[in-house]
Amino acid sequence: MLAIWLVLGLCLPVTSLPAQGVLDGPQPHSLHTGDRGLHGRFLHITDVHPDPFYKHGAHPSTACHRKKPKKKRRAGYYGTAYKECDSPLALTNFTLDYLEERWSDEIDFVIWTGDSARHDNDDKIPRPLSEVYELNEAVAEKMKQVFSSKGIPVVPTIGKASFALVASVAVTVLPQETTTSGVRPNDITRTYSSYVVQHVEKRVLRFCRMWSDFIPPESRASFLQGGYFSVEVVPGALAVVSLNTMYFYSSNEGMCIAVLTWSIAIFDAVPTDDDDPGNQQFTWFEDQLKVFRSRQLQNLGLRCPGHVPPTDGHYYSRCYGRYVELSLRFQDTILGHLFGHLNTDHFYFMKADDVHVDGDTKLKTLKLTEHAASLFDALVADFSRLPGPQDGMDYGNYAVVNVNPSVVPNPYVPTFRAYVYNVTGLPTGGGREVGGSERYDRVGFRGSPDHQGKPEGGAMKWEGGPGRDELKACGVDFDGRVPFGSPSRWNLLWTPLGYAQYWMPKVEEYDARDTPEYELEYLTFSLSRLHVGGRTSDAQPLIPLENLPEELRDGGVDKSKYAPYGMDDLTIPSWVELARRIGKDGGKVRKRFRKYMYVGGKAET
């Protein structure tokens, strides 16, 4: 079956650009169309937020747009750390140029989970529609220049500002009585496609071509349907699914009203549950998962990244329940869930008992700065409740969500991640599930070898959740069995092995005469696996040596501040083991987790 990563997008509220150029223009490139070979690495870039009004020397209290008398702290040339200022164009250009120079020859694809316009946080410089359009277009063109021109697939998602842009465009196109509080759902996607739709104004035509290089022809129909699509980043083997989570987002009440208004005005009918765009997307997503699973080429993989992370506080309860259920039921196919938006570095678990219609919220939607400490405490408490190794645990009831920090130094410092995944092929003697017994019957069932109290037939065990009738109303399927050999649970072909996180802690120290530098913040790998991690047949390092600090380039090093976690891989059992250490053991590993969570800053900025 074909394995996948998930890329999820979202929406939010939506403003005129200075006369200056937005980003560095494309430079001539020779289009590389040959076989690049597999490197077993990919980049995750999220929340760039370029700001054309950012001024070097301005004061942070003005969003770094204006100077204030008698204020000592000034905005840096490449950015202002730990304040609510977006990215200067100098930082955006440098970051993508840096990735081109240092990483473009070392990766297989790029996951880009929004957002590509500045925040609308300055009343004196409101953010117009034209600005959002120009910034999105500029970043997309830069991505094409840096990656697509070299044959590297880029998988984007619809971000908050992007949705606001198209929403405003659609309001100008549709009759006034059909757009009282929102837009026709399908109009959102037309601004990202090379297909021109009737009634869209001329000023949108350029925007229609914005993502045409990123969305394969066979996926354009689904994108036009609702803003979601899939891409086989390794043809016939590894795919990325980009979901449009604005249909699941509970803060997006206006969209639901708009869908109802549009349906009544255009069709004189109230939409049914099946007509709801969120349910339509889930139906498409489930169909995609079934197709990927059925393609028995070999043990293949699917990756699942996104913009706003799935929690009961972010999503409508029914949407969240269905997302969790699909994530667990297709655990053999989905390799991971990658997100941005929150800017904090953390992970958490979706669980079988989260599949519910209504109930207590464990991870509420939190503001980035005001409630960041609450998020840390909630995670530690959640980790501390995990069953111990001696208690028995069904890994089939868990899925891991990774939330990556942002390029924008708002409210922390610039970061990006380089992930590594297994491209060696299936081991000769079969895989071993980390943290589980090696006595494992290859009959394929959901549940780890040490699972206690397995339901009859290997179905998913629901603890504290609703009755089956309630879940059926959400479109939830109860076939929880997963075939043996899931790369999300065992270190097999396509299994994520770890990541290296890079940051720019000295962002404010650089001026126009300097060349900034991204530094390694930390690795998830154990040092014993860094140089001979078994990723490729020639045993090349998991991370290119030139992108490691000097002390890690020697294969003999056995201890380093850069490798605090010592994880064998990023399988679900490995994440559970790390969570137990953070939640129950505490100590240095918990302190490190907190430090990384706030990217070197404080919870209260």
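Six strands line up as an open sheet in the order E4-E3-E2-E11-E12-E13, with mixed pairing. Here two strands pair if DSSP finds at least two bridges between them, and the strands (E, at least two residues) and helices (H or I, at least four) are DSSP runs numbered from the N terminus. Strand E4 (154-156) and strand E13 (519-523) sit at the edges with a single partner strand each, so one side of each has no neighbour in the sheet. From one strand to the next, the twist averages 25 degrees; axes are lines fitted to C-alpha atoms, for helices over the stretch in contact, and angles run from 0 to 180 degrees between N-to-C directions.

A quick word on what you're looking at: this is a predicted model, where local features need pLDDT of at least 70, side-chain atom pairs count only at pLDDT 80 or more, and totals for chains, interfaces and linings use all residues. Residues are numbered from 1 along each chain as its sequence is written, and side-chain values use heavy atoms, leaving out hydrogens and water.

Now for strand E11. Seven bridges join E11 (residues 415-421) to E12 (residues 496-503), and the two run antiparallel. E11 is also antiparallel to E2, with four bridges between them. Some of the facing residues are listed here.

| Residue | Residue across from it |
|---|---|
| Tyr419 | Tyr499 in E12 |
| Tyr421 | Pro496 in E12 |
| Phe42 | Tyr419 in E11 |

Is E11 buried or exposed? Seven of its seven residues are buried, so E11 is largely enclosed by the rest of the structure. Buried means under 20% relative accessible area, exposed over 50%, and partly exposed in between (1.4 Å probe, protein chains only). In a regular strand the side chains alternate between the two faces of the sheet. In E11, Thr415, Arg417, Tyr419 and Tyr421 point one way, while Phe416, Ala418 and Val420 point the other.

Helix H1 (residues 89-103) has 15 residues and reaches 21 Å from its first C-alpha to its last, close to the 21 Å expected at 1.5 Å a residue; that expected span is 1.5 Å times one less than the number of residues. Since 11 of its 15 residues are buried, H1 is largely enclosed too. Among those buried residues are Phe94, Tyr98 and Trp103. Their cover includes strand E2 (41-45), helix H2 (129-146), E11 and E12.

Trp103 turns up again around Ile543, which also touches Val420 and Tyr502, among others, not counting residues up to four places away in sequence. Contact means heavy atoms within 4.5 Å. Ile543 is one of the residues with the most contacts inside the largest nonpolar core, along with Phe147, Phe347 and Phe349; that core has 128 residues. A nonpolar core is a set of buried Ala, Val, Leu, Ile, Met, Phe, Trp, Tyr and Cys residues joined through side-chain atoms within 4.5 Å.

Most residues other than glycine have a negative phi, and most peptide bonds are trans. Cys64, in the loop between E2 and H1, has a positive phi of about 60 degrees and counts as buried at 0% relative accessibility. Val599 has a positive phi near 50 degrees and lies in the segment after helix H14 (587-597). Asn410 and Pro411 are joined by a cis peptide bond, with omega about 10 degrees. Pro411 belongs to the loop between strand E10 (398-403) and E11.
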